[in-house]
Each structure stands twice: as C-alpha cells, then as structure tokens.
Amino acid sequence: TGTSHIGSQGHLTIGGCDTVELAKTFGTPLYVYDEALIRENSRRFVKSFEQSGFTFQVAYASKAFSCIAMAQLAAEENLSLDVVSSGELYTALQAGFPAERIHFHGNNKSEEELRMALEAGVGCYVVDNFYEMALLHDLASASGIQVNVMLRLTPGIEVHTHEYIATGQEDSKFGFGVTDGQAMLAIRQALAKTHFNLLGIHVHIGSQIFDTTGFVEAIKVIREFLDSVRQETGYEVKVLNLGGGFGIRYTDEDDPVEIETFVETITQEVAAAWSKRNLPNPEIWIEPGRGIVGNAGTTLYSVGSIKQIPGIRTYVAVDGGMTDNIRPALYQAKYEALLANKASMEATETVSIAGKCCESGDMLIWDIDLPQVTSGDILAVLSTGAYGYSMASNYNRLRRPAVVFVRDGIADLVVERETYEDLVRHDRKRSVLSNII
Ligand code: LLP
C-alpha cells in the first residue's frame with residue numbers, strides 16, 4: 001500500500017526512503033510513517049463526503065497517533081481533531097491546530113481539563129455523562145461563555161469486533177443510554193442549560209469494524225430516538241456525529257469495506273432517514289483514527305537472538321515488542337511483516353517474532369513465513385500506524401522509539417527516541433536517609 005516498494009537493492013522502501021538506511025540513521029525500533037498515505041486516507045474520507053453533498057467534518061481521532069507533526073498534518077488536510085485528554089489537547093495546541101476545530105471527548109474529563117479547553121476555545125464538547133454536564137455548565141457560566149455541546153449516546157447495539165473495543169452496547173462505561181431513558185433525560189437537561197448550544201448527538205459503536213451494518217443499525221436507532229425527542233421537546237439536531245471505527249486490513253484475514261463505501265452508506269442512510277422525517281439533512285461528523293494512520297505506519301526492528309527449538313518453533317527476537325505495540329498482547333491482534341533487507345527473497349521458513357520484554361505474552365507475530373532470518377536483519381512490521389506509538393510504554397524501562405515521517409525520499413524526524421535521562425527525568429533520590437545500618 002501507499003508508497004512502499006522493493007528498491008533496487010532488494011530493500012523495502014517507503015516514501016522513497018530505503019528502510020534499511022532509515023534503521024541505520026535513526027536506530028531501531030523505529031516508527032516510519034508514509035506521509036503521502038496519511039494524506040491520501042484523509043482525502044478519501046473528505047472527498048467521499050464532498051461527493052455526498054452533505055455538510056461534514058472529518059475529525060481525526062488523535063488517540064490513534066498523536067504528536068505535534070501529526071496534528072500539523074491533520075490541520076493541513078483540513079481535518080478537525082478529536083482529543084480525549086488535556087495531553088492530546090495540549091499537543092494539538094502546540095501544533096497550532098485551530099481550537100475551534102477541536103472536539104473534546106472522554107468519559108471523565110476533569111475540571112482542570114475542562115478549564116484548559118475553555119481557555120483555549122475548543123469548538124465542541126462531547127458530553128458523556130451527567131456529572132460532566134453539570135461541571136461544564138458551571139464552568140462555562142462562571143466564565144460567561146456559550147459552549148457547543150454534543151451528547152454521547154450509547155445506542156444499545158453490538159458490533160463484531162474485539163470486546164475491549166466495542167462501545168455501542170448498552171452495558172458500556174461510555175455515554176447516555178438510549179434504551180434506559182438516560183439519553184432523553186440528558187437532552188432535556190442540556191436544552192435547559194443557558195450556556196449550552198446543543199449541536200446534536202454522538203455515537204461511536206466500536207473500532208476496527210469491517211462492514212456497514214453496525215452504522216446502518218445505529219442510524220436506525222438514532223432516527224427513532226430523535227423522532228421521540230422531537231415529539232417530546234420539539235428539539236432537532238443540527239449535527240449527527242457517527243464516531244470512528246472504520247476498519248483496516250492488517251492481514252489477509254481482514255476484509256473491511258473501502259473508506260468510500262463506509263461514507264456512501266452512512267450518507268445515503270442518513271439522507272433516506274431524514275427525508276422520511278421530512279427534514280433537511282443534518283451535518284454529519286465522523287472521527288476516523290485507524291482509517292487515517294493505521295496502514296501508513298511501519299515499525300522497523302533489528303533482529304537479535306534467534307532461538308530454535310527443534311521440531312517445535314523458532315523464536316526470532318527483536319529489539320522492541322509490547323512496549324511499542326501492545327496490540328498483539330492485548331487484543332490478539334495479527335500483523336504482516338517482512339525482512340526489510342531481504343524484501344525480494346522468497347520465504348523459506350516459518351518463525352515466530354518475540355519482543356524483548358520479560359513476559360511470555362510479549363509476542364508480536366506467531367508463525368510467519370520469512371526468508372532465512374539472521375541476527376542483524378531488519379524486520380518491518382506493517383500497518384502499525386494506529387495505537388502503536390500512542391499506546392507505547394516504558395515497561396522494563398525501555399526507551400520509546402523515534403518516529404519519522406517519510407516523503408519523496410526525505411525522512412523527517414518528528415519524535416526523538418527517548419534517552420536514558422528521559423527515563424529518570426522525574427525520579428528523585430530519597431530525601432530522608434535511612435539510619436538503619
Ligand atoms: N471516536 C471515539 C469516540 C472513539 O472512542 C474512538 C476510538 C475513535 C473515534 C477512533 O476509532 P478508530 O477510527 O481509530 O477505530 N486501542 C484500540 C482501539 C481503541 C479505540 C478507542 N476509541 C486498538 O488498538 O485497536
């Protein structure tokens with residue numbers, strides 16, 4: 001996908017850069033992002049909406065991968081930005097991302113976070129619960145300002161994805177339940193709040209979704225709910241936010257519909273529903289994270305130890321693992337990989353890729369066919385752009401890897417590799433010396 005090729009030396013190249021050279025220059029593990037592919041994915045979402053005739057916002061969900069350079073790219077592509085914490089907000093503001101295009105999410109926004117957002121002039125608050133509704137309104141009225149608000153609803157539908165990333169079901173920590181009457185109550189409360197401008201409602205049914213049925217179902221639930229809201233309160237939404245969740249292909253087992261199909265289905269379903277309601281179309285907002293950055297990221301590792309258990313398995317260990325990609329351990333997520341320095345060679349053996357953490361569960365890939373692997377090879381794990389760097393940790397006091405953006409043969413270091421000093425930066429030596437000998 002994207003600008004990945006096999007170069008003249010039989011090396012994997014991305015964005016016109018030889019990945020073996022990138023590994024040499026920047027070290028490993030290294031996250032490499034194909035800038036052109038991030039832009040292409042963004043444009044596919046935007047173009048599909050433009051063709052639909054709907055008024056829309058495509059908000060990049062920064063949780064998938066957040067850093068200053070990514071927020072800059074999102075701004076350049078005219079995306080909006082979904083942030084879920086003061087940290088993601090701070091990053092966006094440091095990038096100069098326009099605050100009015102930032103949407104603030106989260107199921108437990110703190111007073112400090114809300115104050116920071118109000119100060120910055122964040123464009124929309126996706127209110128998740130009654131506690132936040134009261135808190136946000138108090139803060140807004142104390143500052144004498146009006147805020148744009150959407151209410152996050154839990155539509156009570158189930159989608160086929162890993163249970164940890166399914167969010168639309170009734171029993172969820174997120175949002176106001178539609179089926180239990182909480183959503184209606186929330187609408188009434190929000191309408192009564194003088195410092196709220198209620199833009200509409202938000203639903204997010206889950207992540208890594210492959211087909212459109214969940215979205216179609218959600219739109220149906222929303223339509224019925226909004227009909228009763230209209231009957232009971234006279235209120236009608238201006239904006240419908242359908243969240244993110246657009247799945248990508250990690251391996252051949254995955255078969256997601258194309259970006260265009262997601263957007264076409266959503267817009268057609270909403271148009272049909274709204275014409276039945278005899279109402280003009282609402283604005284549609286979506287929040288893709290993975291769909292924009294997932295396939296644009298590749299992680300480069302150096303191969304170190306290789307352990308052969310005759311007749312059983314070969315463990316090929318790399319210099320990263322669950323610290324830079326928790327997804328295999330957390331969701332049994334599967335990935336494709338290749339040897340970047342032997343990209344044109346035939347696969348001759350089946351091996352399993354182990355991380356370097358002190359956990360048996362720190363395995364990146366089980367049973368992958370590769371050319372003869374030797375220590376020093378560069379392993380490229382594909383489609384690691386979403387929820388890799390953003391969920392990285394310092395377990396075992398590993399230093400978080402660097403991130404480079406590549407484009408037209410240029411490699412741009414956008415996040416430096418952590419240093420040993422970074423690891424102890426917040427450590428303090430004991431101030432009270434023990435007198436026990
Ligand atoms: N909007 C909301 C309200 C969300 O909760 C999420 C993801 C998104 C948008 C973006 O979803 P995406 O388009 O990236 O699927 N760590 C997990 C994914 C958790 C997603 C949480 N919310 C993973 O690695 O698969």
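**View 1. Residues around the ligand.** In this predicted model, the ligand is surrounded by 23 residues, of which the closest are A61, S207, G244, G289 and Y387.

**View 2. The ligand between two domains.** Residues of the shell come both from domain 1 (5–33 + 296–418) and from domain 2 (34–293), and the ligand therefore lies between these two domains. Among the elements that contribute to the shell are α10 (290–293) and α11 (327–331), each of which supplies at least two residues.

**View 3. Strand β11 and its pairing with β9.** Strand β11, which spans residues 196–202, is mostly covered, with five of its seven residues buried. Strand β9 (residues 147–154) pairs with β11 in the parallel sense, and six bridges connect the two. Within this pairing, M150 has G200 of β11 as its bridge partner.

**View 4. Strand β11 and its pairing with β12.** Strand β12 (residues 239–241) runs parallel to β11 and is joined to it by three bridges. G200, already seen as the bridge partner of M150, also stands opposite V239 in β12.

Definitions and conventions:
Residues are numbered from 1 along each chain as its sequence is written. This is a predicted model: local features need pLDDT of at least 70, side-chain atom pairs count only at pLDDT 80 or more; totals for chains, interfaces and linings use all residues. A residue is buried if 20 or more other C-beta atoms lie within 10 Å of its own, exposed if 12 or fewer, and partly exposed in between; C-beta atoms are placed from the backbone. Helices (H or I, at least four residues) and strands (E, at least two) are DSSP runs, numbered from the N terminus. Two strands pair if DSSP finds at least two bridges between them. A residue is near a molecule or strand if its C-beta atom, placed from the backbone, lies within 6 Å of it. Domain bounds come from an automatic or database domain assignment.
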